[in-house]
Amino acid sequence: EKEVRNLELLKLRFGESSLHYCEIMLKDLAESKRINTRIHEQTELPINVNFLILSGSFWPTLKEEKFKVPEKVQKAMDAYAAAFALHKANRKLEWRERFGVVDLTLELKDRTLDCRATSAQASVLMAFEDQECWSVEDLSKKIEMAPPLLQKRLGFWVNKGILKKGEDGMYGVVEIVSQDNKTSSHEATAIADEEEMDSTVAQASDREEEKLQTCWSFIVSMLT
């Protein structure tokens, strides 16, 4: 409601034509919520999934990264797409896999962990349900993910103590935490470097967000 109110104020100030795309984007969010609720009420999905449906022509171009999601996730996506087609016969969903967020409950031999990860990170970890150990090369082929990106996602789970890289280069699940499962100094250095890079990116993003918030506050103060 707040966003709609601010949009109406901006339309009064700058004209409706200038904010046509913004109006469609807000309508997309509201319509997406309604469709998502309706599909869940009328369709039995293999797993609990929720999707945000956007109009492709009116949103900024989103950088794509294709990879193969786990089979049970793909089945849920297919069932959701079929249900969507019944409501919107003239429209078709095109998936943007990399923008998903997944809440996972990991049940290991000595502990249970709740984790939130990106869809790419979750797809990497869920491959270990099918096979205990993976090399980067084999896992890259299985989930169709570029090795450099795959290694970054594997590093995420190594950093959390869920996966471990062996001396032979194979990755496996850390079922029981012990002294032998501590991250090697080489891995720790790589992870620290990645975290430092992520921190730098996050700081830059925070600065940009702060600038946008300042501009937005100035615009709202002009209109009210």
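User: What is the relative accessible area of C133?
Analyst: C133 counts as partly exposed. Buried means under 20% relative accessible area, exposed over 50%, and partly exposed in between, with a 1.4 Å probe and protein chains only. The value for C133 is 36%.

User: What kind of model is this?
Analyst: Residues are numbered from 1 along each chain as its sequence is written, and side-chain values use heavy atoms, with hydrogens and water left out. Local features need pLDDT of at least 70, side-chain atom pairs count only at pLDDT 80 or more, and totals for chains, interfaces and linings use all residues, since the model is predicted.

User: Is C115 buried or exposed?
Analyst: The relative accessibility of C115 is 12%. On that value C115 counts as buried.

User: How many disulfides are there?
Analyst: A disulfide is a covalent bond between the sulfur atoms of two cysteines. The rule asks for a pair of cysteine sulfur atoms within 2.5 Å. By this rule the count is zero.

User: Where is N36, and which residues does it contact beyond its neighbours within four places in sequence?
Analyst: N36 lies in helix 2, residues 20-42; helices are DSSP runs (H or I, at least four residues; strands are E, at least two), numbered from the N terminus. N36 is buried because its relative accessible area is 11%. Contact means heavy atoms within 4.5 Å. Its partners are V49, N50, F51 and Y80.

User: Are helix 4 and helix 6 roughly parallel or roughly perpendicular?
Analyst: Two packed helices are described by the angle between their axes and the distance between the axes. Here the angle is about 80° and the axes are 9 Å apart; axes are lines fitted to C-alpha atoms, for helices over the stretch in contact, and angles run from 0 to 180 degrees between N-to-C directions. Angles under 35 degrees count as roughly parallel, over 145 as roughly antiparallel, 65 to 115 as roughly perpendicular and the rest as oblique. Helix 4 is therefore, relative to helix 6, roughly perpendicular.

User: Which residues of helix 6 meet helix 4?
Analyst: On the helix 4 side, the residues are A120, Q121, A122, V124 and L125. Their counterparts in helix 6 are L150, R153, L154, F156 and W157.

User: What is the phi of E144?
Analyst: E144 sits in the loop between helix 5 (136-143) and helix 6 (147-159). At 53% relative accessibility E144 counts as exposed. Although E144 is not a glycine, its phi is positive, at about 55°.
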